[in-house]
Amino acid sequence: CGVFGIYAPGEDVAKLTYFGLYALQHRGQESAGIATFEGEKVHLHKDMGLVSQVFNESSLGHLPGNLAVGHTRYSTTGSSRVVNAQPVVVQTRLGSLALAHNGNLVNTKELREELLSRKCEFVSTTDSEAIAVAIGSEVDNGKDWLEAAISAFGMCQGAFSLTIATPQGVMGVRDPHGVRPLVIGILPTTPVRYVLASETCGLDIIGAEFLRDVEPGELVWITEEGMASFHWSQQQKRKLCIFEMIYFARPDSQMEGESLYSYRLRIGRLLAAESPADADIVIGVPDSGIPAAIGFSQASGIPYAEGLIKNRYVGRTFIQPTQTMRESGIRMKLNPLKDVLEGKRVIIIDDSIVRGTTSRKIVKALRDAGATAVHMRISSPPVTHPCFYGIDTDNQDQLIAATKSVAEIGAQIGVDSLAFLSWDGMLRATNEDPLSFCSACFTGDYPIDVPEVVKRSKLI
Ligand code: 5GP
Ligand code: SF4
Ligand code: MG
């Protein structure tokens with residue numbers, strides 16, 4: 001999911017949030033929503049669909065206020081229905097609270113049971129609502145916003161990057177491991193105003209300047225007094241999702257002081273060094289495979305070409321929730337360029353293989369267009385384990401690499417050769433401490449304990 005938050009009295013906060021969400025659209029295409037506060041009064045508009053479908057001038061005009069939070073949803077828990085759209089709004093003793101969540105809790109069941117025993121009520125099945133209700137319950141027990149939020153976060157286990165709006169101000173929060181990203185930006189207004197977004201591309205679009213990341217286990221509280229920072233949890237080792245680097249975040253977003261485009265070029269170069277192939281051209285699967293394909297071409301000296309054209313107006317196939325939708329989605333999405341491919345030995349680069357269904361179709365399309373050999377190179381290791389922290393890589397039995405060797409996967413998708421980036425290489429190429437990333441979907445080594453029952457629900 002994508003989250004956004006802004007505290008900016010005097011500005012059109014709904015519109016700024018709308019543009020922020022527009023830039024974060026790639027993080028979730030199922031639903032979108034914005035909540036604004038006009039003093040004590042909350043205004044909410046959310047619905048199924050893309051940001052551009054959910055909002056127009058008129059709906060934005062009905063969202064006045066001084067501060068706002070927004071969300072683009074990609075479902076990991078809870079079904080694809082409007083009650084699960086965010087921001088989640090709950091009523092408390094101190095007024096309303098609106099919350100936008102990116103990530104996934106692993107203890108939702110326990111948390112809900114605890115809250116039900118306190119007679120709290122729910123309208124949806126999401127972990128995100130449980131967090132909002134937990135804060136509300138702590139407020140109703142007499143705490144102020146800050147104390148209530150901190151004690152509610154202590155009840156949550158898993159991955160959560162949150163933006164929360166209250167009548168008083170906006171909070172930005174990351175879980176103690178900082179699995180999902182969240183950044184702070186500054187609007188060049190007088191006085192300066194603070195903005196929160198999942199990625200820096202959400203700041204760029206509104207002309208906000210990147211200030212810094214929200215730290216793992218940090219809460220920033222943005223009010224009329226400015227921004228205050230609190231470390232609400234004990235210091236833990238950061239475990240940023242490596243998939244954000246490889247695939248999920250936009251290539252023009254900055255992480256670790258560089259654009260992800262640079263990281264993706266580097267892993268493409270590394271892939272060429274680790275697993276070369278003899279061929280006439282290198283192509284990438286648009287859009288996610290392109291930077292690594294350019295890197296592969298640079299390192300191998302084999303010319304880069306465009307071999308597949310993407311219809312940019314079809315949503316990301318992976319994010320559509322059903323298999324049937326996925327299967328019809330891909331045919332609409334990519335078209336091979338016959339003139340480029342005919343008679344050529346092709347190296348095709350993609351960022352990942354999850355189920356293998358997309359890859360098989362792409363390989364067939366390349367051969368149908370006249371490619372004489374197809375060598376596939378993947379700029380991440382085989383995905384062998386499901387994610388419990390907010391990326392919908394499905395149950396383990398759906399993951400092709402969970403049960404098949406690289407050779408068997410190659411045979412199934414119909415390539416002449418197949419190779420994946422090494423796990424080591426993927427982490428080394430970050431130029432950061434390799435231990436500061438989660439890479440559990442490649443290893444099964446989950447950095448945040450997942451309760452056995454939850455694990456069993458997704459593992460073979
Ligand atoms: P597959 O061949 O496994 O069916 O599809 C792999 C493709 O799905 C890759 O091009 C990858 O970019 C895309 N994809 C879309 N969403 C996701 C996601 O959330 N995680 C991963 N790993 N890949 C995704
Ligand atoms: Fe990211 Fe994989 Fe860890 Fe999930 S399991 S948080 S997708 S690295
Ligand atoms: Mg892709």
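Helices (DSSP runs of H or I, at least four residues) and strands (runs of E, at least two) are numbered here from the N terminus. This is a predicted model, in which local features need pLDDT of at least 70, side-chain atom pairs count only at pLDDT 80 or more, and totals for chains, interfaces and linings use all residues. Residues are numbered from 1 along each chain as its sequence is written, chains are lettered from A and ligands numbered from 1 in the order in which they are written, and side-chain values use heavy atoms, with hydrogens and water left out.

Let us begin with ligand 2. Helix H8 (242-248) and helix H17 (440-443) each bring at least two residues to its shell. A residue counts as near a molecule if one of its heavy atoms lies within 4 Å of it. The surroundings of ligand 2 include Cys241, Cys387, Cys438 and Cys441, along with Arg180 and Tyr389. By class, this shell has 10 nonpolar, 1 polar and 1 charged residues; Ala, Val, Leu, Ile, Met, Phe, Trp, Tyr, Cys and Pro count as nonpolar, Asp, Glu, Lys and Arg as charged, and the others, Gly among them, as polar.

H13 gives the most, with 3 residues. Of the 16 residues around ligand 1, Tyr247, Asp350, Asp351, Val354 and Ser359 come nearest. This shell divides into 7 nonpolar, 6 polar and 3 charged residues.

Now look at the polar contacts of ligand 1 (pairs of N or O atoms within 3.5 Å). A polar side-chain atom of Asp350 lies 2.6 Å from an oxygen atom of the ligand, and a side-chain N or O atom of Ser288 is 2.9 Å from an oxygen atom of ligand 1. Ser352 has a side-chain N or O atom 3.1 Å from a nitrogen atom of ligand 1. The protein covers 96% of the 510 Å² of accessible area that ligand 1 has on its own, by the Shrake-Rupley method with a 1.4 Å probe.

Finally, turn to the sheet. Its 7 strands form an open, antiparallel arrangement in the order S3-S2-S4-S1-S10-S9-S11, where two strands pair if DSSP finds at least two bridges between them. Strand S3 (41-48) and strand S11 (209-213) are the edges, each pairing on one side only. Within the sheet, 6 bridges join strand S1 (residues 2-7) to the antiparallel strand S4 (residues 67-73), and Val3 stands opposite His71 in S4.

Conventions
A polar contact is a pair of N or O atoms within 3.5 Å; within protein, one must be able to donate a hydrogen and the other to accept it, and residues adjacent in sequence count only if both atoms are side-chain atoms.
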